[in-house]
Amino acid sequence: MRFRIPNHVDFRVVHDEIVVLDVRSDLYLALNPTAALIWTMLSNKGTLEEVVAELTDRFGIENSVATTELHRHLDDLVARGLLEPVDA
Amino acid sequence: MSMWDRIDRLIDIAPTLEDLRAHGLHLLAAQRWSQQGQAIPDVLRDEVRATAIADLAARTLLIRIRTILDGPVLLIKGPEVATRYPTSTLRPFHDLDLVVQEVETAQQALLAAGFISMGGEQWFTHHHHRAPLIWPGLPLAIELHESFWGPTWMTCPPTEELLATAVPARVNIDGIQTLSPHYHSILLAAHSWQHVPLRRVLDLIDIAVMSEGIDRKALDDVATQMNIGRVWGAMIRATDALFLNQEVQSWSLRLWARHLTGVTRRSVRAQYLNRWLGTAWAPDLPTALSAAQSIMRDDLGKWFRDYRRRVRNHFLQAP
């Protein structure tokens, strides 16, 4: 599964964080280094499997834990309109 | 060694974060420390995030303003100058300064479209810009300019001339323009000088990036036409001395630029004194004396009002 950043979302990379602005709602938020890593990988057309592999490798966590936490995070971003799934 | 390498050296010798902030170098310092693997203080991380939000908000607001206003819109200073930095989030800014043809009409159009005045209209009747506006939820003020702030003896080109020579802004939004780099460089120097001569390193970086690649004679000519040739000369010499390592020839700069080369803060008293002494860069003695009188009257008036308020507060708080 892949995701894309909608046209109404703009972002800036600042060091290891990312600041995101939804220009429709004027909502902005800062992504911490882990969320910024996920955002960067997905915006570079990375797949969920690749992100999970990176998270398990980098943080030494179980694959199932990484998958669960990643889905929870992505559901939140999608619900806020900051990410869009592009295929199932 | 590039200008940015020299700025890194200045960051390294700055005594404290407060000194870096006073010189507008704190965001550049955060980047340097991040690249070196050093910890960035939480308060500075907050400022980095705030600048990134301001940078994003600037783009959103400019697109919105462009759809509301007819006629030319020129973006000047902060966000436009920031596009000439290695990344636009390395230069702090807190407002959008715009030049438009019909300021009052534009101000009313923005208010009608949902922008909100930050208040204090009475203070801006004779000011160089109208009362700041904000869009609810976005942390950036918008200031519409009808003139430019600079030394009292400056002859500013008419708005028509500035609009006629405008160029597309580097923020790259359709219909948003900016001043020609010639005028922009000189007006940045004039604005900075009127605050306090040789105020901070950031102002000199702004001048350096804006004037890069422009024939110096052409810049000198523009400054002379605007009657601030001596002010421009002092600013560009200080810029060269700081970033090109050229020897500082002038006694005034050797005396004045120590806080720049050491990245330290001037005391409040020194800032007032320098504002008054800065009038000596007027083209002639009568103009300098008149400007000094005007600045001293303003500064002493402010100081007296502040003193009176503190005395009043002291007695109000007394048991």
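Visitor: How many residues of chain B are in contact with chain A?

Guide: The model is a predicted one. On the side of chain A, 14 residues take part in the contact. On the side of chain B, the number is 22 residues.

Visitor: Which helix of chain B gives the most to the side that touches chain A?

Guide: Both α3 (26–35) and α4 (42–68) of chain B supply at least two residues each to that side. With eleven residues, the one that gives the most is α4(B).

Visitor: How much area do chain B and chain A bury between them?

Guide: Of the residues on the side of chain B that touches chain A, eleven are nonpolar, six polar and five charged. Carbon and sulfur atoms account for 62% of the area buried between the two chains. The total is about 1,500 Å².

Visitor: How many salt bridges does the rule find across the interface of chain B and chain A?

Guide: A salt bridge joins the side chains of E17(A) and R45(B), with an N to O distance of 3.1 Å. Across the interface of the two chains, the rule finds five salt bridges.

Visitor: Which side chain of opposite charge is nearest to E80(B)?

Guide: E80(B) is located in helix α5 (residues 78–82) of chain B, and E80(B) is buried. A salt bridge requires a nitrogen to oxygen distance within 4 Å. The nearest side chain of opposite charge is 5.2 Å away, so E80(B) has no salt bridge. That side chain belongs to R84(B).

Visitor: Which backbone nitrogen lies 3.5 Å from a polar atom of the side chain of E80(B)?

Guide: Beyond its neighbours within four places in sequence, E80(B) is in contact with several residues, including L75(B), A169(B), R170(B) and H184(B). V171(B) is also one of these contacts. The backbone nitrogen at 3.5 Å is that of V171(B).

Technical notes. Residues numbered from 1 in each chain as written. Chains lettered and ligands numbered in written order. Predicted model: local features only at pLDDT ≥ 70, side-chain atom pairs only at ≥ 80, totals over all residues. Heavy atoms only, no water. Contact = heavy atoms within 4.5 Å. Buried area = accessible area lost by both parts, 1.4 Å probe. Helix = DSSP H or I, 4+ residues; strand = E, 2+ residues; numbered from the N terminus. Nonpolar A, V, L, I, M, F, W, Y, C, P; charged D, E, K, R; others polar. Buried < 20%, exposed > 50% of the residue type's maximum accessible area, 1.4 Å probe, protein only. Lys, Arg positive; Asp, Glu negative; His and termini not counted. Polar contact = N/O pair within 3.5 Å; in protein donor to acceptor, adjacent residues only side chain to side chain.
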